[in-house]
Amino acid sequence: MSGGTRMAKGPLDYLGRWPLRLWLGGVLLFLYVPLATLIAFSFNLSKRNIVWRGSTFDWYAKVFADSDLLLAFANSLTIAALSTGISLILGTLTALLLWRFRFPGKALLEGTLALPIVVPEICLGIAFLVFFADILPWPTELPWPLNLGAITIAHVSFSFSFVALVVRARLASFDRSLEDAARDLGAGEWRIFADIIVPHLRPGLIAGALLAFTLSLDDFVITFFTSGPDTTTFPIKVYSMVRFSVTPEVNAASTLLIVVTLALTAAALKLQGSAIAKTAAAG
Amino acid sequence: MTAGVTAGTAARGPFALVAAPPLLWLLAFFLVPLAVIWGYSFGHNTSLVSIDVTGTWANYARALQPLYLGIIVKSFWFAALTTLACLILGFPVAVAITFASDRLKPWLLLAIMLPFWTNLLIRTYALMAVLRTEGYLNWLLAAFWNPLAHLAGGPAFVPLGLLHTDFAVVFGLVYVQLPFMVLPLYAALDRLDRSLLEASLDLGAGQLTTFARVVVPLALPGIVSGIVVTLIPSLGAYLTPDLLGGTSSLMIANVIERQFKSANDWPFGAALSFLLMYLTFAAILAQAMLARRHERRHAHG
């Protein structure tokens with residue numbers, strides 16, 4: 001029963017035991033088989049999406065000919081880019097504020113910042129619906145991309161706390177003596193910020209930006225309550241297609257979004273890796 | 001050391017510059033929207049478009065009527081079942097990752113994280129194809145059943161109606177929430193002092209005893225935070241019950257959505273969503289208290 005008889009493997013080499021391997025394999029299959037079949041059937045000739053009839057790119061051609069879908073995709077990317085930019089500024093400022101200053105109400109602010117992370121999406125969704133209906137009615141006839149303002153504001157509100165969290169974790173490893181040295185050498189607050197703090201923060205900023213971008217690109221529930229007929233995003237558009245049927249065209253559109261997300265994640269991991277390597281090499 | 005100094009007179013300018021944008025944003029675009037629906041939850045519709053905030057508790061009373069209370073209780077059961085299934089599925093996975101070789105570990109973590117980066121709607125849609133009557137799960141079941149039935153002379157496989165059921169909702173929630181459970185479990189197990197496990201095994205305790213009396217108590221904070229981060233999003237889930245559930249598998253979020261998009265009873269929807277928020281806060285508070293007690297006990301022991 002005890003691991004003593006299996007010294008060759010070591011008592012803590014749990015991954016060497018077959019039941020655990022089987023379990024791990026089963027869970028990974030559970031996570032990946034639905035997504036893999038979704039991608040595979042986007043190339044399927046048959047419209048019925050059940051049996052394999054040979055491969056085709058027709059569904060992708062159909063996606064690229066669907067101007068509504070393309071507009072929704074462009075909207076999603078625009079909102080994600082705007083929201084990431086604003087969230088990055090606000091999140092970094094928040095992290096600096098909590099790291100650098102002591103002020104009354106600091107604990108209260110920290111508690112409030114946790115709210116966007118814990119409040120259920122549906123509650124935020126309806127709060128923004130009411131807000132943009134009764135308090136700050138967002139004009140519908142604004143030129144693109146200003147018409148996306150309401151959705152962008154909502155996305156920033158739930159994203160920037162996450163950015164603040166990531167940047168703050170990075171700030172914790174900042175060596176304060178560098179700042180003192182710079183000040184002794186005559187650098188002002190702005191120089192210290194731009195030349196010393198920001199370079200140190202770079203991996204955190206990249207991670208925070210990726211997080212904000214993905215949160216915005218993925219969001220369905222909050223956007224569902226803030227988007228109008230002319231401001232659909234990609235998930236909202238796909239939702240309206242998905243609601244009643246499973247079609248290869250939706251598979252193709254979904255696959256494109258998966259590829260975009262994967263590419264972004266890979267790029268961020270790579271950038272972050274090289275930024276960390278650079279910091280390590282410099283230090 | 002410098003923090004206290006700079007908070008003094010010298011840094012008043014930068015302080016305002018740093019503090020103003022996030023604080024104003026948080027106030028205008030987060031606290032105000034929440035405050036407005038909090039106010040509306042104490043009001044009633046006077047016409048289709050106007051709401052009178054009268055301080056009435058009628059909306060909360062209505063939310064606790066059997067019909068809606070039943071949906072709240074059902075949502076809680078769905079969330080609890082999901083959490084339990086994630087814990088059972090996820091714990092061995094977290095153990096496997098913890099004790100994996102340094103070369104394999106980042107890849108396993110990435111494999112668990114990757115579905116989490118994939119759009120929620122797409123993951124839910126992928127499950128629709130798995131669960132529907134002509135879906136892959138029924139196809140798989142038929143592939144096992146029919147040869148056996150053929151040999152034994154039993155009836156051919158009748159596809160099960162899996163989509164649009166309560167089962168589909170819990171299945172979907174488990175699929176979506178599993179990474180949230182594995183990551184905190186892994187974080188807790190990874191911090192564990194391995195010499196304690198070795199000591200327990202050396203002193204004659206079996207793997208199961210070691211697991212129950214050493215691993216679980218020490219990893220308790222991670223288990224509790226895994227439970228909370230799985231339970232909360234499951235409780236407030238909207239998309240999964242909407243797409244995978246049937247007419248009777250409504251959860252709280254779906255009822256809230258109806259008040260705003262079709263029933264047009266904003267005050268009642270606002271009251272429901274604040275009840276959901278209070279439930280969420282209660283879960284977080286319970287976790288914080290448990291974590292503190294755990295810490296204190298281990299500090300004294």
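Modeller: Before any helix pair is discussed, one convention is needed: axes are lines fitted to C-alpha atoms, for helices over the stretch in contact, and the angle between two N-to-C directions runs from 0 to 180 degrees. The model under discussion is predicted.

Biologist: What makes helix 5 of chain A roughly parallel to helix 13 of chain B?

Modeller: The axes of helix 5 (residues 121-135) of chain A and helix 13 (residues 252-261) of chain B cross at roughly 10 degrees and come within 10 Å. Angles under 35 degrees count as roughly parallel, so the term applies to this pair.

Biologist: Which residues of helix 3 of chain A and helix 8 of chain A meet?

Modeller: Helix 3 of chain A brings residues including A:Ser76, A:Ile79, A:Ala80 and A:Ser83, while those of helix 8 of chain A include A:Leu205, A:Gly208, A:Ala209 and A:Phe213. By class, this contact comprises eight nonpolar, eight polar and no charged residues.

Biologist: Why is chain A called more spread out than a compact globule?

Modeller: Chain A has eleven helices and zero strands. Its radius of gyration is 24 Å, whereas the globule rule gives 19 Å for 283 residues; the value is well over the rule, so chain A is more spread out than a compact globule. The C-alpha trace of chain A spans about 75 × 75 × 35 Å along its principal axes.

Biologist: Why does chain B receive the description "more spread out than a compact globule"?

Modeller: Chain B contains 14 helices and two strands. For its 301 residues the globule rule gives 19 Å, and the radius of gyration of 25 Å is well over that, so the description holds. Along the principal axes, the C-alpha trace of chain B spans about 75 × 60 × 35 Å.

Biologist: Is B:Leu244 buried or exposed, and how do you know?

Modeller: B:Leu244 lies in helix 12 (residues 239-244) of chain B. The cut-off for a buried residue is 20 or more other C-beta atoms within 10 Å; B:Leu244 has 27 such neighbours and therefore counts as buried. Beyond residues up to four places away in sequence, B:Leu244 touches B:Thr124, B:Leu127, B:Met128, B:Leu131, B:Leu163, B:Ala168, B:Val169 and B:Gly172. Of the 301 residues of chain B, 40% count as buried.

Biologist: How many residues of chain B are in contact with chain A?

Modeller: Contact here requires C-beta atoms within 7 Å; 69 residues of chain B are in contact with 66 residues of chain A. Helix 2 (residues 12-40) of chain B gives the most to that side of chain B, with 16 residues. The side of chain B that touches chain A divides into 52 nonpolar, twelve polar and five charged residues.

Definitions and conventions
Residues numbered from 1 in each chain as written. Chains lettered and ligands numbered in written order. Predicted model: local features only at pLDDT ≥ 70, side-chain atom pairs only at ≥ 80, totals over all residues. Contact = placed C-beta atoms within 7 Å. Helix = DSSP H or I, 4+ residues; strand = E, 2+ residues; numbered from the N terminus. Nonpolar A, V, L, I, M, F, W, Y, C, P; charged D, E, K, R; others polar. Rg over C-alpha atoms; globule rule 2.2 N^0.38 Å. Buried ≥ 20, exposed ≤ 12 C-beta atoms within 10 Å, placed from the backbone. Parallel < 35°, antiparallel > 145°, perpendicular 65-115°, else oblique.
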